[in-house]
Amino acid sequence: MRTAYSVETVRAAERALMARLPEGTLMRRAAAGLAVACGDLLRRNGRVYGARVLLLVGSGDNGGDTLHAGALLARRGAGVRALLVTPGRAHEGGLAALQAAGGTVIDRAGEAGTVDLVVDGITGIGGRGGLRPEAAALVRAVTGGHGAPVVAVDLPSGVEADTGEVRGTAVRADATVTFGALKPGLLIDPAAERAGALRLVDIGLGPELPDTPDLEALQYADVAALLPSPDAESDKYRRGVVGVVAGSERYPGAAVLAVAGALHGGAGAVRYAGARGDAVIARFPETLVSEGRPSKAGRVQAWVVGPGLGDGGAAVAAVADVLASDVPVLVDADGLRLMDPDAVRSRPAATVLTPHAGEAAALLGVAREEVEAGRLAAVRELAARFRATVLLKGSTTLVAEAGDTPVRVNPTGTSWLATAGSGDVLSGLTGSLLAAGLAPRDAASVGAYLHGLAARHASGGAPVSAQDVAAAVPAAWRDVSRG
């Protein structure tokens, strides 16, 4: 499990640790780790000795980490120059160490000359609201045309550490070296896509951090431990029967794709209740089809409702009928528009909502841009408002539930999932995991993980369809199971 902690939590842990260590120990640990990471990058592109390194140095400890790391690189033979963003406010000890090691300070970006590596140490985790105009101009001047890789210190300057928001100009790094613990903004877009490759430097904070993080990301072993597996006594009911209410005359494919996700996701059986049973049976003859009310379709352990339902009265009635059931329900797509919020909040069984940014914006009564800019706040608000587990789809898919549990971020997302119908597959897949007995947060997290992994399997760097993704789910499942 990868975990991330808020700035306040990290700083409290640092204070507790520093109280027991000699002054400057944490900065030296951070600088040493940063210097090693920079050295590794320089070696991949050539060598450390003789490399030309430019430090962009702000005030405070972030600038101190940068300067001390620069001193270590200078001692290894690199030519290190420091451009002070706020002259007169640079970390005194770090600046002295750099100059003692042979590093130099320059006054303007034009003095940097040819550069092999840029180290962004402008603001760090304390920055708010994007870079100030003078710092933004400096970054543009330094990174605008030479093509040298950029390493961010702790996180790219200008992004919000706690939320992943980017409220102005921010550095776009090729790699980020962060200290002690990951910060939420390193895992959540739009900030995450500016961070590049992540490297965590252990500075000894582990024992000081709380057991419960602010954010977590499942890894192979975590997902493998959650995957349902049939035993010798299993039958289709013990494996889980998922009901699917999806599709319409206008959108018959939604029914097929949702059923595909459920079948490939390990359901013991799938009951389809809706208007497009003909299309479903033609593709998946093992599906149990019913044309009546969902509640009359037969026994299920979970329902999926909404993909491609349309707007008619029958669709409204079907959503209400499913929400009145006493089993877990996943609501997606048209179901999100047609559901009664009070019915969702009052359900005794679990509810999972799976909106994309536009649907989330409609549910919250805000602009889509507000959701995309503040994904963490949006998913938390939705979970609290609807008393449900919420899977917010997007470039970084987030899963939240009401209460104090950590938000989960899915690490397997890929841009190849931006294709029609992939959300329908995800709904069916997650519904099958609910029917198998996984807790809502686990079902949503595992569903998103397998969905992303399946898209990578199916793609191989080439375009894929939603059908391709559904068909690749078993391969993704096998990969996870084998570790």
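1. Which residues on the other side of α5 are exposed? They are P133, E134, R140 and A141, where exposed denotes over 50% relative accessible area, buried under 20% and partly exposed in between (1.4 Å probe, protein chains only). The model is predicted: local features need pLDDT of at least 70, side-chain atom pairs count only at pLDDT 80 or more, and totals for chains, interfaces and linings use all residues. Residues are numbered from 1 along each chain as its sequence is written, and side-chain values use heavy atoms, with hydrogens and water left out.

2. Helix α5 spans residues 133–143, and its buried residues are A135, A136, L138, V139 and V142. These cover an arc of only 160° around the axis, which puts them on the same side of α5; the arc is that of the directions from the helix axis to the C-beta atoms. Helices (H or I, at least four residues) and strands (E, at least two) are DSSP runs, numbered from the N terminus. The buried residues of α5 pack against β2 (52–57), β3 (79–84) and β5 (117–121), contact being defined as heavy atoms within 4.5 Å.

3. Helix α3 (residues 60–75) packs with helix α4 (residues 92–100) at an angle of about 10°, their axes lying 8 Å apart. Axes are lines fitted to C-alpha atoms, for helices over the stretch in contact, and angles run from 0 to 180 degrees between N-to-C directions. The two helices α3 and α4 are therefore roughly parallel (angles under 35 degrees; over 145 is roughly antiparallel, 65 to 115 roughly perpendicular and the rest oblique). From α3, residues L67, H68, G70, A71 and R75 meet G93, G94, L95, A97 and L98 of α4. By class, this contact has five nonpolar, four polar and one charged residues. Ala, Val, Leu, Ile, Met, Phe, Trp, Tyr, Cys and Pro count as nonpolar, Asp, Glu, Lys and Arg as charged, and the others, Gly among them, as polar.

4. Between helix α13 (residues 357–364) and helix α15 (residues 375–386) the packing angle is about 50°, with the axes 11 Å apart. The helices α13 and α15 are therefore oblique to each other. In this pair, A360, L363 and L364 of α13 meet A378, E381, L382, R385 and F386 of α15. The contact of α13 with α15 has, by class, six nonpolar, no polar and two charged residues.

5. T397 lies in the loop between β16 (389–392) and β17 (398–400). T397 is buried, with a relative accessible area of 11%. Its contacts, leaving aside neighbours within four places in sequence, are R375, L391, L392, R408, V409, N410 and A448.
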